[in-house]
Amino acid sequence: MLTVDFSRFPIAPGDRVLDLGCGAGRHAFECYRRGAQVVALDQNAEEIREVAKWFAAMREAREAPEGATATAMEGDALALPFPDDSFDVVIISEVMEHIPDDKGVLAEMVRVLRPGGRIAVTVPRYGPEKVCWALSDAYHEVEGGHIRIYRADELVTKVREAGLKPYGSHHAHALHSPYWWLKCAFGVDNDKALPVRAYHKLLVWDIMKKPLATRLAERALNPLIGKSFVVYATKPHLPRPADAGTGTSEVAAK
């Protein structure tokens with residue numbers, strides 16, 4: 001289940017991609033399939049080991065084209081172990097709501113993104129997330145849980161203040177909002193409640209079969225109850241100094 005829409009955020013073969021806070025690796029795997037040179041980074045060592053296993057399996061099954069590469073590594077989002085301008089693309093999906101210093105994370109992403117590169121940021125949407133918080137303290141009051149809820153304009157402003165230029169946004173996963181409301185209502189750790197089990201079966205069926213009816217329903221509902229908010233932005237090229245051209249001309253004239 002992808003939150004980033006790769007029709008709006010295309011990945012080209014050879015693109016250097018950082019999936020920051022990759023979790024189980026869903027976006028990293030998709031970028032690898034598209035021929036990118038992928039680095040999947042997360043602070044959770046167990047998840048990184050699983051992502052590395054899946055990369056190896058995909059490599060063996062030749063699910064990625066020739067020239068694609070994939071690396072899974074443990075790391076800190078606030079101190080990325082990469083030089084400036086290392087990546088063409090950075091993805092950070094459902095991560096920033098967990099991190100106290102979200103501005104610091106944005107600054108690190110901008111640092112490792114090359115001028116002209118693109119970034120995708122996704123977070124839980126304000127409305128559906130507020131419902132979850134209202135229904136259950138256990139949903140967010142856990143170690144490593146959600147510490148904030150972003151309004152759309154707040155996230156876009158932070159992205160812009162980090163030096164990026166937003167160029168698009170949308171909502172995703174409307175069908176998942178009611179599932180989490182049910183989870184919060186019946187207990188986030190209670191998977192045996194009949195409504196929760198029934199809705200989970202619906203979601204699994206939808207993900208596996210991708211029927212047209214649910215695709216159309218989700219597209220219609222995303223603007224209303226989409227679970228995630230997605231922002232796309234670019235890192236502007238630095239302007240040339242005003243006197244650079246003049247100096248060159250004077251040298252040439254000499």
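1. A salt bridge is a side-chain nitrogen of Lys or Arg within 4 Å of a carboxyl oxygen of Asp or Glu. Glu30, Arg33, Arg34 and Glu63 are joined by such bridges into a network. The whole structure holds 18 salt bridges.

2. This is a predicted model: local features need pLDDT of at least 70, side-chain atom pairs count only at pLDDT 80 or more, and totals for chains, interfaces and linings use all residues. Residues are numbered from 1 along each chain as its sequence is written, and side-chain values use heavy atoms, with hydrogens and water left out.

3. Look at Lys235 and Asp85. Their side chains form a salt bridge, 3.3 Å from N to O. The partners sit 150 residues apart: Lys235 in the loop between β7 (228-234) and α9 (244-253), Asp85 in the loop between β3 (69-74) and β4 (87-93). Helices (H or I, at least four residues) and strands (E, at least two) are DSSP runs, numbered from the N terminus. Lys235 is buried at 13% relative accessibility. Asp85 is partly exposed at 36%. Buried means under 20% relative accessible area, exposed over 50%, partly exposed in between (1.4 Å probe, protein chains only).

4. Next, Asp102 and Lys158. Their salt bridge spans 2.6 Å, N to O. Asp102 belongs to helix α3 (residues 102-112) and Lys158 to helix α5 (residues 152-161), so the pair ties together parts 56 residues apart in sequence. Both residues are buried.

5. Which residue forms a salt bridge with Glu218? Arg215 does, with the closest N and O atoms 3.2 Å apart. Glu218 is buried at 9% relative accessible area, while Arg215 is partly exposed at 28%.
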